[in-house]
Amino acid sequence: MVAKVIFAFLMSFATASLVTIAHIFYKDISYELIFDTYIYAMKISWPVVFICIILIAPILQRFAHKLTS
């Protein structure tokens, strides 16, 4: 269970970071505001992604196994 939480923590950080950075550059945020925008967006996106990985990933994993077996 600890490994699952650590994985979810790391995966959610990586996923939320990549999406946040892509969104910031897509929106063409000025360089002076990038850091503050990133921090603000991560406060929202990281917990959401973490919860999704903890709750939804196991369901999708079981579904994928059923599709491939």
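**Notes on Ser12 and its surroundings**

1. Let's start with Ser12, which touches Trp46, Val49, Phe50 and Ile53, leaving aside residues up to four places away in sequence. Keep in mind that this is a predicted model.

2. Where does Ser12 lie? You'll find Ser12 in helix H1. Is Ser12 buried or exposed? Its relative accessible area is 0%, and buried means under 20%, so Ser12 counts as buried.

3. Now look at the side chain of Ser12: one of its polar atoms lies 2.7 Å from the backbone oxygen of Ala8.

4. Next, the rings. There are 2 aromatic pairs in the structure. In one of them, Phe9 and Trp46 sit 5.1 Å apart, centre to centre, with 45° between their planes, and this pair is tilted. The two partners come from distant parts of the chain, 37 residues apart: Phe9 belongs to helix H1 (residues 2-26) and Trp46 to helix H2 (residues 34-55). Ring pairs join Phe9, Phe13 and Trp46 into a cluster.

5. How accessible are those two partners? Phe9 has 44% relative accessibility, so Phe9 is partly exposed. Trp46, which also turned up among the contacts of Ser12, has a relative accessible area of 24% and is partly exposed too.

6. Finally, hop over to Asp28, in the loop between H1 and H2. What is the phi of Asp28? The value is positive, about 55°, although Asp28 is not a glycine. Asp28 is exposed, because its relative accessible area is 66% and the cut-off for exposed is over 50%.

How values were computed
Residues are numbered from 1 along each chain as its sequence is written. This is a predicted model: local features need pLDDT of at least 70, side-chain atom pairs count only at pLDDT 80 or more; totals for chains, interfaces and linings use all residues. Side-chain values use heavy atoms; hydrogens and water are left out. Rings of Phe, Tyr and Trp (its six-membered ring) pair if their centres lie within 6.5 Å; planes under 30 degrees apart count as stacked, over 60 as edge-to-face and the rest as tilted. Helices (H or I, at least four residues) and strands (E, at least two) are DSSP runs, numbered from the N terminus. Buried means under 20% relative accessible area, exposed over 50%, partly exposed in between (1.4 Å probe, protein chains only). A polar contact is a pair of N or O atoms within 3.5 Å; within protein, one must be able to donate a hydrogen and the other to accept it, and residues adjacent in sequence count only if both atoms are side-chain atoms. Contact means heavy atoms within 4.5 Å.
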